[in-house]
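Subject: Structure handover

Hello,

Here is the structure for you to look through. My notes on what turned up follow below it.

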Amino acid sequence: MMNTMTTDELTIAIAVPLEAEHVELIRAVDPSVTVFYDPELLPPERFPADHAGNPEFKRTPEQEERYWAMLNRAQVLYGFPNESPAGLARIADSNPHLQWIHAMAAGAGGAVKASGLDTETLQKFRVTTSAGVHALPLAEFSAFGILNGFKRSAEMAQDQATKNWPELRTPTKLVNGSKVVIAGLGEIGMETARIARALGMKVSGTKRTVEPMEGIDEVTTNEGLPGLLADADAVVNTLPGTPYTEKLFNKDIFSAMKPGTVFVNVGRGTVVDEVALLEALNNGQISYACLDVFAVEPLPQDSPLWNHPKVLVSPHTSALSTAENRLITERFCSNLRTFLDGGELPHLVDPVHFY
C-alpha cells in the first residue's frame, strides 16, 4: 500500500524512552516533521535500549493524561505506548489520526497479535519492525554458540568448577570446513551466514521463497529442512514465531540431525518443541544447545533447561547492544524519509499472519 499522505506537517510522538540526541536525528529528517517528546512522561532506562524503562516508574494522573493526549495528537508513533500490547490496543482505539507505528522489536508480530486487535482495525495503520537492526548482535551470538559447542566450553566450565583436570584430553572440533544450516535466511540469517563463512563454514538454509543466494550452498523451504540436516554440524534457528513455524523443530527434525549437532536458537522459542529438544540433548543427537529464546518467558523455574549441562540459557538478551537505540533511530529515520516521499515502508507486520 502506497503512502498517500498529503498534509503539510507530520506529527510524531516518542512513546518509549529515547535519548534526546536521537530525537534530534528524527527532527532533522525534514522541516515538515514535528516531534512530540517529553522525557518526564517516559520511564528512565535501566540500561542502553531499555525500551520498557524502569518498571517502578509511575506517572501521576496528570502525567498519564498528558502522555495519552500527546500520543493521540500524533500520526506516527516511535514505539508502542508503554511498550506493551495493551498500549497498542488502546492507541488504536483512541487515535483516529494514526497512520504508522514503528516497533522497537524485530519480531513485533507477537505483540501485535497479543493486542487482540482485529484485522480490520490493524489495516487502518501500519506497523513496522526494527528487523535488521539486531542482525549483527544476533549473528555474533549465533557464532558464539557454535564456537562454544565446537570447543566444548560447557564441559570445560564444569571441569573448572570442580577443579578437575581430565586425564583424557578430548579434542575439540574445527569450525573451518564444517557445515551450518540456518533456518530462516532473512536479514539475521544472512548476517549469520556471513560470519559463518568468514569462519570457513559451508552454509545452507531455508527461505519461504527458494532462490539462489550468494554464498549459500543450498536453499530450501522449511518443508525441505530435514534433507539439509543429515550432514550438518550446527543448526541455527532465526525463524519468527508464527502458526506456520510453531514446533517446527520437533522430534522428527531433531532425529534427522546427525549425532553431536550443535543447536542455536535466536529466533522464537515457540519454533522449538522443548520436550523434543531435551530428548535430543539426552540421547546425544544434540551435543550442545545455545538458547536465547524459549516457549515461555521468563523461562519457568522448574524448566530442566536451566540446569542441563549441555545448555546455555540466555535471557532473551542476545539482540541487545549499547548501539541499539542509535541503530533503531537511524532505521526509523530512513523509514520516515521513505514515508514522506510516498514510498513503501519496509518490514511491515502482516496484520493477518503477524510476521
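Buried means under 20% relative accessible area, exposed means over 50%, and partly exposed lies in between (1.4 Å probe, protein chains only). Helices (H or I, at least four residues) and strands (E, at least two) are DSSP runs, numbered from the N terminus.

Two notes on sources. This is a predicted model, where local features need pLDDT of at least 70, side-chain atom pairs count only at pLDDT 80 or more, and totals for chains, interfaces and linings use all residues. Residues are numbered from 1 along each chain as its sequence is written, and side-chain values use heavy atoms, with hydrogens and water left out.

**The sheet**

Start with strand β7, residues 202-206. Four of its five residues are buried, so β7 is largely enclosed by the rest of the structure.

Which strands pair with β7? One is β6, residues 179-183. β6 and β7 run parallel and are joined by five bridges. Here V181 stands opposite S204 of β7. Another is β8, residues 218-220, also parallel to β7, with three bridges. Two facing pairs can be named there. G205 is opposite V219 of β8, and T206 is opposite T220 of β8. Two strands count as paired if DSSP finds at least two bridges between them.

Helix α8 covers residues 187-198. Together with β6 and β7, α8 makes a right-handed β-α-β unit. Right-handed means that, with the strands pointing away from the viewer, the path from the first strand over the helix to the second runs clockwise.

**S178**

S178 sits in the loop between α7 (153-161) and β6. Is S178 buried or exposed? It is buried, at 4% relative accessibility. The S178 side chain reaches the backbone oxygen of V175 at 2.5 Å. Leaving aside neighbours within four places in sequence, S178 is in contact (heavy atoms within 4.5 Å) with F150, G200, M201, K202 and D233.

**Salt bridges**

Side chains of opposite charge can pair when their charged atoms come close. A salt bridge is a side-chain nitrogen of Lys or Arg within 4 Å of a carboxyl oxygen of Asp or Glu. How many salt bridges does a search of the whole structure find? The count is 16.

One joins R337 and D30, with the closest N and O atoms 3.1 Å apart. This pair links distant parts of the chain, 307 residues apart. R337 is in helix α12 (residues 324-340), while D30 is in the loop between α1 (20-27) and β2 (33-36). R337 is partly exposed, at 31% relative accessible area. D30 is buried, at 17%.

A28 is found in that loop between α1 and β2 as well. A28 is exposed, with a relative accessible area of 63%. A28 and C333 are 305 residues apart in sequence, yet 8.9 Å apart in space, C-alpha to C-alpha.

Next, R66. Its side chain meets that of E40 in a salt bridge, 2.9 Å from N to O. E40 is in the loop between β2 and α2 (61-72), and R66 is in helix α2, 26 residues apart. E40 is partly exposed at 44% relative accessibility, and R66 is partly exposed at 28%.

R66 also forms a salt bridge with E62, the closest N and O atoms being 3.4 Å apart. E62 and R66 both lie in α2, four residues apart, about one turn of the helix. E62 is partly exposed, at 45%. Salt bridges that share partners join D38, E40, E62 and R66 into one network.

Best wishes

Notes. Polar contact = N/O pair within 3.5 Å; in protein donor to acceptor, adjacent residues only side chain to side chain.
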